[in-house]
Amino acid sequence: MPAEFNAFDRLAMARALELAERGLATTHPNPRVGCVIARDGRIVAEGWHERAGEVHAEVMALGAAGAAAEGASAYVTLEPCSHFGRTPPCADALIKARVARVVFAIEDPHPQVGGAGALRLRQAGIEVASGLLAREAEELNVGFLSRMRRLRPWVQIKLAMSLDGRTALANGRSRWITGEAARADVQQWRARSSAVLTGVGTVLADDPRLDVRAGTVQRQPLRVVLDSRLRTPPGARILAGPGEVLLFTASDEPVRRSALELQGAKIERLTHMREDLGQVLARLAELEINEVMVEAGPTLAGAFVQAGLADELLLYIAPLLLGPQARTLLQLPELTDLAQGRRFTLTDSCAVGSDLRLRLRPA
């Protein structure tokens, strides 16, 4: 921990991160941000950003602090913004409140911020420090940071398999490999995603909804279908659920397109999407999608892994065996040497009901 930060600084920033998590499923397309106002070793006000277009964390905390903000320290999980977006700049609000010190965890990579917020605060005579609990802050906003830095969303591949690495019987039956607790857990991960993506093969085989059905849902993720020939049936359940559906296609077939659009689907043509999944992700980034959860069959899921576009595997393992005739987890090309295998690092593991959940990232 850097020398300029003391134990209370760390405690205050940890609390700001807890507050930021309250917007985990609601802030899209904005980052999740929390703010704490403190003075004399005591927290006097708190705030967090809940959804786009509403007050930012700093403004909420300053409003709660009132006159106590003058001469206080503000702890923010992301560099205060310096530009007019849906709301005025937070840097200006901190200056107006006459805080003495601002500590933020990570710099905002947004092209309209990127150090400008910190500079504006320093020019106003405010002490500024950064880097406190940076790793935790990065983790909280992996999708937003990916979109800003790499111009593509963070991609999480959701998978469920048996102990022997199988996902369905040879006849295609897969309901249910995992238990009820694991399926409820998936709902929480869907809720925090900006989009859930699948292929037309899954739509035809399983007719999924891919919406969020857990608790009080404030926002449905965009549901994305890769459908090169517009084979999605107009009566598919994915089109009937709440929220928006976007189909990427290479087809110009007007009758099928019209039938799907009548069901509310938005359709975009991407000529090379089957060969270049990066084209799909680049377009989703343009649509301000931060995190994409891929729930697809072994071919499409394998294609994301093979292309190096899988940032994380969310893998549920059920305590059963399905045998060698059952369907495999991912379709990947044959290897001739173990050194060619794709290695992953385990970042988290926990029991979810009777199943095991692993989170893995490319090594």
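Reader: Hi! Which strands does helix H2 lie across, and at what angle does H2 run to E2?

Author: Hello! This is a predicted model, and in it helix H2, residues 57–65, lies across E1, E2 and E3. Its direction is at about 135 degrees to E2.

Reader: What order do the strands of that five-stranded sheet come in?

Author: The order is E2-E1-E3-E4-E5, in an open sheet with mixed pairing. E2 and strand E5 (127–130) stand at the edges with a single partner strand each, so one side of each has no neighbour in the sheet. From one strand to the next, the twist averages 20 degrees.

Reader: And E1 with E3, parallel or antiparallel?

Author: Antiparallel, over four bridges. Alanine 38, for instance, stands opposite serine 73 in E3.

Reader: Let's move to H1. Which of its residues are buried?

Author: The buried ones in H1 are Asp9, Ala12, Met13, Ala16, Leu17, Leu19 and Ala20. They cover an arc of only 160 degrees around the axis, which puts them on the same side of H1.

Reader: Why would residues three or four places apart point the same way?

Author: Because an α-helix has 3.6 residues a turn.

Reader: What caps the N-terminal end of H1?

Author: Asparagine 6 does, with a side-chain oxygen 3.0 Å from the backbone nitrogen of phenylalanine 8. As for the length of H1, its 14 residues should span 20 Å at 1.5 Å a residue, and the end C-alpha atoms are 20 Å apart, which agrees.

Reader: What about the start of helix H10, which side chain reaches in there?

Author: That of glutamate 253: one of its side-chain oxygens comes to within 3.1 Å of the backbone nitrogen of valine 255. After H10 comes glycine 264, with a positive phi near 95 degrees.

Reader: Changing topic: what's the strand order in the nine-stranded sheet?

Author: E11-E10-E9-E8-E12-E6-E13-E16-E15, again an open sheet with mixed pairing. Its edge strands are strand E11 (266–269) and strand E15 (344–352), each pairing on one side only. Neighbouring strands in this sheet are turned by 20 degrees against each other on average, ignoring direction.

Reader: Which helices pack on it?

Author: Helix H6 (residues 142–150) is one of them, touching E6 and E12, with its direction at about 130 degrees to that of E6. H7 packs on the sheet as well, touching E6, strand E8 (195–199), E12, E13, E15 and strand E16 (355–362). The direction of H7 makes about 165 degrees with that of E13.

Reader: Is E6 itself enclosed or open, and why?

Author: E6 is largely enclosed by the rest of the structure, because seven of its eight residues are buried. The strand joins E12 (residues 291–294) through four bridges, running parallel, and isoleucine 157 has valine 294 as its bridge partner there. Six bridges join E6 to E13 (residues 312–317), also in parallel, and methionine 161 is partnered there by isoleucine 317.

Reader: There's a lysine in E6 too, lysine 158. Buried or exposed?

Author: Lysine 158 counts as buried, because its relative accessibility is 19% and the cut-off for buried is under 20%.

Reader: Last one: where is alanine 307?

Author: Alanine 307 is in the loop between helix H12 (298–306) and E13. With a relative accessible area of 47%, alanine 307 is partly exposed. Between alanine 307 and glutamate 275 there are 9.8 Å in space, C-alpha to C-alpha, although the two are 32 residues apart in sequence.

How values were computed:
Residues numbered from 1 in each chain as written. Predicted model: local features only at pLDDT ≥ 70, side-chain atom pairs only at ≥ 80, totals over all residues. Heavy atoms only, no water. Helix = DSSP H or I, 4+ residues; strand = E, 2+ residues; numbered from the N terminus. Expected span 1.5 Å × (residues − 1). Buried < 20%, exposed > 50% of the residue type's maximum accessible area, 1.4 Å probe, protein only. Arc of directions from axis to C-beta. Polar contact = N/O pair within 3.5 Å; in protein donor to acceptor, adjacent residues only side chain to side chain. Pairing = 2+ DSSP bridges. Axes fitted to C-alpha atoms, helices over the stretch in contact; angles between N-to-C directions. Contact = heavy atoms within 4.5 Å.
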